[in-house]
Amino acid sequence: MIKTKNFQQLMGGLNIAILPQIESDVIHCSTLGGVLRDTIRHEAKAHSAAFDPVGFRQVMRAMSGGDVEVLFFAAAWDVCDPKIVGAAINFRSLFLQRNGRDIDVHHGIYSEDVCLLFPKMREIILERPRTKDLPEKGLGMPFIQASIDYYSRHGFKDGTIPIGQAFEFAPSNSKIIAIKEKLGATLGHGEESALLRIAGDRFPDSIFKLPVEVRFVPLANGTIDPNNFVVSWESADSRQKIMASFTKGISTFKGTPVTQCQFISNGKIPNTGILQCAVASILQAAEHEIGERCWGSLAKPWHEVSPNVPLGGSAQDVFAALFKAQNVALLSPKRSVPLLGVIPPPLHIHALQEPEIVSALKSLGAKQRMLGNNPMQTATLDLRKAAERHNAPNRPLALIEPDAASHNPIFSLAV
């Protein structure tokens, strides 16, 4: 049941509400499964991607672990009979912002999916009283605005208040583009911005490694955020700065781990050779820290084929078969996947209005991020400007320096 005070009435008489998921509520858990399944199916169809039921179960596990937060969208003509008509899926992330010649780091949101379910919306339309009307411009804007307002006032469940939002969009999705533009979002386009992907053998060995720094993010209770960290590089005179944030995520389509990354500079870019080395060094340091945090998926153990042993044969035949199998194992090439290793997740890299960084990333092997047949782009939204009212403190985070005595990441990669 949604409290009446949580509803707001739109022009025309429809009531809407934002409902955060409560893990201990049995009804919420049941509703989440149905709504999330319909949401992911709808998004997959819209982007010509496949719905993966096994991946869906992995997403549900991630939500039960607290890595993902869900807001339900409720609508009702009568507040005593609300319908869940959609959902927003979000990760606690970081929001990087230029501040003169410096770069500020704020708490942020990474929005994975925002969806209104058409079957539920049709029910709302069919049940409309004669004296009331739907909003002329649809429900997308009211629900997104209500979500922004909710996070600006209440923050995440751990108490952190986000300052900004990062998300990806398909350039062909005219509806979401129109809504985000009205809210003041900065949308990527052309060659100056990109959403790129790196996976597998990531970086060439010939890149010269520059000294970079891994810094940790504090949560509201003072502990280190296990799902976010920052890596930065700056020139010897501190005039040129490049920073990247890294967020533990999961693909809601496949249920596989993904690391979301945001790159930004202070506007002073070094020459191409140094820039490529700086970007590669940041990514290599991040890959090490990701491994330390075990964000990836557990590597599958290597299954050996049992030797063909003639159990009914003589002792000499059995011995010969076992000896041959042992020699084959000894002479086989080394396995590329360890028995108890962690496979690093792919990086989805957001670079907004940073054409030089985009070019450097592509030179290192980063490819265009695709969803189904759709090339995706990056965007950000300053929640302080978009929210009608908020409590968010307008100050950057004080990042935590790594303590070499208790934590041993390789945060200086100079050679």
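Helices and strands here are DSSP runs, numbered from the N terminus.

**Figure 1. Overview of the predicted model.** The structure is a predicted model. Its protein chain holds nine helices and 19 strands. Of the 415 residues in the chain, 49% are buried. Among contacts with a separation of 6 or more, 74% join residues 24 or more positions apart. The chain exposes about 21200 Å². Carbon and sulfur atoms supply 54% of that area.

**Figure 2. Lining of the largest cavity.** One cavity of 30 Å³ or more is present in the structure. About 110 Å³ of space lies in the largest cavity. Its lining has 13 residues. Closest to the cavity centre are Asn90, Ser111, Ile144, Ser147 and Gln165. Three elements each supply at least two lining residues: strand 4 (83–99), strand 5 (102–116) and helix 4 (140–154). Helix 4 gives the most, with four residues. By class, the lining divides into eight nonpolar residues, four polar and one charged.

**Figure 3. The largest nonpolar core.** In soluble globular proteins, nonpolar side chains tend to be buried together. The largest nonpolar core in this model has 36 residues. Phe229, Val231, Phe246, Phe263, Ile282, Leu283 and Leu361 have the most contacts inside this core. Strands that give two or more residues to the core are strand 8 (194–198), strand 9 (213–218), strand 10 (224–234), strand 11 (241–250), strand 12 (257–265) and strand 15 (347–351). Helix 6 (272–293) and helix 8 (355–363) also give two or more. Helix 6 gives the most to this core, with 10 residues.

Figure 4. Asn227 lies in strand 10. Is Asn227 buried or exposed? Its relative accessible area is 7%, so Asn227 counts as buried, the cut-off being under 20%. Beyond its neighbours within four places in sequence, Asn227 is in contact with Asp67, Arg92, Phe246, Thr247, Lys248, Arg293 and Trp295. One of these partners, Phe246, is also listed among the residues with the most contacts inside the largest nonpolar core. Asn227 and Trp295 are 68 residues apart along the chain. Their C-alpha atoms are separated by 8.5 Å.

Technical notes:
Residues numbered from 1 in each chain as written. Predicted model: local features only at pLDDT ≥ 70, side-chain atom pairs only at ≥ 80, totals over all residues. Heavy atoms only, no water. Core = buried A, V, L, I, M, F, W, Y, C linked by side-chain atoms within 4.5 Å. Buried < 20%, exposed > 50% of the residue type's maximum accessible area, 1.4 Å probe, protein only. Contact = heavy atoms within 4.5 Å. Areas by Shrake-Rupley, 256 points an atom, 1.4 Å probe, with all protein chains shown as cover. 1 Å grid on protein atoms, 1.4 Å probe; cavity = no way out; pocket = protein on both sides within 12 Å on 5 of 7 lines; lining within 4 Å. Points joined across faces, edges and corners; volume = space filled by probe spheres on them. Nonpolar A, V, L, I, M, F, W, Y, C, P; charged D, E, K, R; others polar.
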